[in-house]
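Here is a short report for a first look at this fold. Keep the model in view while reading.

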Amino acid sequence: MTPSPSSRAGSSRPPDLFDVAVADELKVRAPLAARLRPTRLDEVVGQRHLLGPGAPLRALVEDDRLSSAVFFGPPGTGKTTVARLLAEHTARRFRALSAVEAGVKDVRNELDDARRALGAEGRGTILFLDEVHRFNKAQQDALLSGVEEGVIVLVGATTENPFFALNAPLLSRSTLWRFEALTPADLRELAERALRVEGFKADPDALSRLVDLAEGDARAVLTTLEVAMALARGRARSTATAMESGSTSGLLPMITMEDIEGARETRAFRHGREEHYDLISALIKSLRGSDPDAGLYWMARLIEAGEDPRFIARRLVILASEDVGMADPHALGIATAAAQAVEFVGLPEAGLNLAQAVVHLALAPKSNRAALGWWAAQADVRERPLGAVPPELRDAHYRGAGALGHGVGYEYPHDDPRGFVEAVYLPEGLVGRRYYEPSEHGAEKALAERWRARRGDQGSAEPGQVHSAKEK
């Protein structure tokens with residue numbers, strides 16, 4: 001049985017004349033993105049892997065069998081649109097909240113209403129929660145009982161990675177549906193649909209520029225296009241007034257490249273928690289790979305998106321020891337100086353200091369041997385028996401230490417003309433372990449040769465535990 005329009009929307013009364021008047025007014029006054037919002041699944045642009053013929057999400061929606069779900073993906077990919085289309089395909093009550101505005105009290109009220117509807121009418125409830133990542137742990141926990149009991153089917157929409165943004169218990173009870181950024185072909189289709197509906201034409205180059213600027217975001221296409229239409233409409237009026245003959249009557253206004261550029265004079269750079277980690281990972285890997293151009297680009301992306309420059313500086317200081325290390329011992333000083341400059345100077349000028357550090361770290365020879373030695377020593381401390389400190393290395397500065405044998409036999413390296421003495425410094429059971437195995441890169445090669453000469457190395461002692469480089 002097909003649900004009636006009122007039951008689909010979860011309303012208890014049919015639309016009256018006031019509702020119709022509001023709907024008609026919104027068709028005129030609402031933003032273009034709202035006016036073009038699909039009313040059927042077939043009108044949704046993109047997401048064919050979810051909504052194409054025979055696709056899993058489409059099948060569940062059309063059969064009204066969708067269980068609790070999380071729609072996640074970049075902005076402007078149709079998450080909210082698809083969620084609201086559920087109201088057209090369900091016999092259950094459909095309720096919607098925005099996590100930006102709702103609190104725990106609102107959630108509990110909706111759960112109470114859902115329980116009453118289930119008991120009195122035998123009707124389940126779909127609760128759509130937009131921007132669900134904005135809910136804190138306590139707010140998410142308030143939803144959990146309703147989901148566990150089956151009182152509601154929760155549908156959450158988020159631009160954040162749900163594994164970062166949602167509590168594990170809530171996540172484990174939901175199906176994850178990933179919405180992908182729209183392809184250029186998808187965006188062009190959407191733009192052409194808007195042009196037809198609004199009665200405009202567009203220069204092909206202007207349309208291509210619009211698609212390029214949108215970066216997979218349908219809302220960005222429609223928002224930009226709406227401003228460009230206003231610019232084109234104003235120009236058409238001016239032309240008609242100047243000609244006074246009205247000869248432009250009947251011609252569709254033309255959107256030009258200038259209209260698109262005028263509508264997008266400023267770009268909103270943004271990233272969520274997942275992309276925060278992706279961007280810093282791209283920066284670190286670019287520097288590790290010795291690519292200064294890529295390093296500068298990813299740092300610019302982070303800064304323009306509003307990333308805390310102190311976070312970037314901290315990661316550069318870490319990289320200076322982990323990935324450059326002894327191949328360029330000065331790298332740590334340069335990275336640390338850049339971090340200090342961020343505190344002393346601040347943005348935007350501190351970007352210059354960070355850029356200098358980025359270029360230096362990218363061009364520096366690379367060695368992770370100090371880091372590998374550190375990780376290997378840590379592993380031995382955690383996993384092997386802890387050996388006693390050799391007596392000659394123990395503190396001998398207090399009265400009675402000598403009677404205990406502390407410090408006896410210790411040779412002071414500065415008393416030796418060579419500046420070092422051959423001695424055993426590791427505890428019993430670890431003698432001969434090697435944690436630091438120098439590379440042949442940069443300054444480390446010369447330092448290692450001097451070190452080996454002192455030790456008279458001819459072969460390799462027992463190697464320290466091998467650790468692969470950590471991914472940062």
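The text below goes through the sheet, its helices and a cavity.

This is a predicted model: local features need pLDDT of at least 70, side-chain atom pairs count only at pLDDT 80 or more, and totals for chains, interfaces and linings use all residues. Residues are numbered from 1 along each chain as its sequence is written, and side-chain values use heavy atoms, with hydrogens and water left out.

An open sheet is formed by 5 strands, in the order 2-3-4-1-5, with parallel pairing. Strand 2 (93-98) and strand 5 (175-178) are the edge strands, and each pairs on one side only. From one strand to the next, the twist averages 20°. Helices (H or I, at least four residues) and strands (E, at least two) are DSSP runs, numbered from the N terminus. Two strands pair if DSSP finds at least two bridges between them.

| Strands | Bridges | Opposite residues |
|---|---|---|
| strand 3 (residues 125-130) and strand 4 (residues 152-158) | 6 bridges | Ile126 and Val153 |
| strand 1 and strand 4 | 4 bridges | Phe71 and Ala157 |
| strand 1 and strand 5 | 4 bridges | Val70 and Leu176 |

Is strand 1 covered or open on its faces? Both faces are covered: Ala69 and Phe71 lie on one side, Val70 and Phe72 on the other, and all are buried. Buried means under 20% relative accessible area, exposed over 50%, partly exposed in between (1.4 Å probe, protein chains only).

**Helix 11.** The 15 residues of helix 11 (residues 184-198) should span 21 Å at 1.5 Å a residue, and its end C-alpha atoms are 21 Å apart, which agrees. The expected span is 1.5 Å times one less than the number of residues. Among the buried residues of helix 11 are Asp186, Leu187, Arg193 and Leu195.

**The cavity.** A search of the whole structure finds 1 cavity of 30 Å³ or more. The largest cavity has a volume of about 40 Å³. Its lining includes Ala69, Val70, Leu154, Gly156, Leu170 and Leu171. Strand 1 (69-72), strand 4 and helix 10 (168-172) are the elements that give two or more residues to this lining. On a 1 Å grid over the protein atoms alone, a cavity is a set of points where a 1.4 Å probe fits but cannot get out, and lining residues have an atom within 4 Å of a point. A volume is the space filled by probe spheres set on the points, and grid points are joined across faces, edges and corners.

Notes: Axes are lines fitted to C-alpha atoms, for helices over the stretch in contact, and angles run from 0 to 180 degrees between N-to-C directions. On a 1 Å grid over the protein atoms alone, a cavity is a set of points where a 1.4 Å probe fits but cannot get out, and a pocket is an open set with protein on both sides within 12 Å along at least five of seven lines; lining residues have an atom within 4 Å of a point.
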